[in-house]
Amino acid sequence: MSSISAQSYAKLLENGVQAIEEVNRLRSSGYTKDNIYVISHDQDRETRIVDAANINEVGLGEEGLFGAIANLFRSRGDALRFKITALGFSSAEATFYEKELDLGKVLVIAKKNPQ
């Protein structure tokens with residue numbers, strides 16, 4: 001499933017190889033590495049994909065200082081939902097995506113450039 005909202009594009013994928021292929025497709029369509037993110041329930045897996053694809057992790061710039069600090073104390077699921085909403089998705093969308101991440105999927109998000 002993929003979703004296009006006013007702020008961001010998202011696509012759920014089955015594995016890291018598909019995630020990297022999607023990142024490359026997004027780059028070829030004009031997105032830069034600064035606008036592409038990968039989210040996985042497994043932090044190590046997420047880091048490996050981010051490194052292999054040479055893209056960003058959701059961090060301080062997207063979450064804000066207080067959000068990043070709060071995520072240190074949240075469950076992984078709560079932190080993931082917060083990250084997804086910080087990238088422009090509604091709470092309902094974040095809940096849906098987080099449930100899919102629970103099943104082992106990988107989420108690739110590309111933020112639209114401000115016009």
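I began on the outward side of α2, where Asp44, Arg48, Asp51 and Ala52 are exposed (over 50% relative accessible area, with buried under 20% and partly exposed in between; 1.4 Å probe, protein chains only). I kept in mind that this is a predicted model, with local features needing pLDDT of at least 70, side-chain atom pairs counting only at pLDDT 80 or more, and totals for chains, interfaces and linings using all residues. My numbering runs from 1 along each chain as its sequence is written, and side-chain values use heavy atoms, with hydrogens and water left out.

Which residues of α2 are buried? I found Arg45, Glu46, Ile49, Val50 and Ala53 within the helix, which spans residues 43-53. They sit on the same side of α2 because they cover an arc of only 135 degrees around the axis (taken from the directions from the helix axis to the C-beta atoms).

Next I checked the helix ends. Asp42 caps the N-terminal end of α2, with a side-chain oxygen 2.9 Å from the backbone nitrogen of Asp44. Just after α2, Asn54 has a positive phi of about 55 degrees.

Then I zoomed out. I counted 6 helices and 4 strands (DSSP runs numbered from the N terminus: H or I of at least four residues for helices, E of at least two for strands). Along the sequence I read β-β-α-β-α-α-α-α-α-β. Of the 115 residues, 40% count as buried. Among contacts (heavy atoms within 4.5 Å) with a separation of 6 or more, 60% come from residues 24 or more positions apart.

Terms used
Polar contact = N/O pair within 3.5 Å; in protein donor to acceptor, adjacent residues only side chain to side chain.
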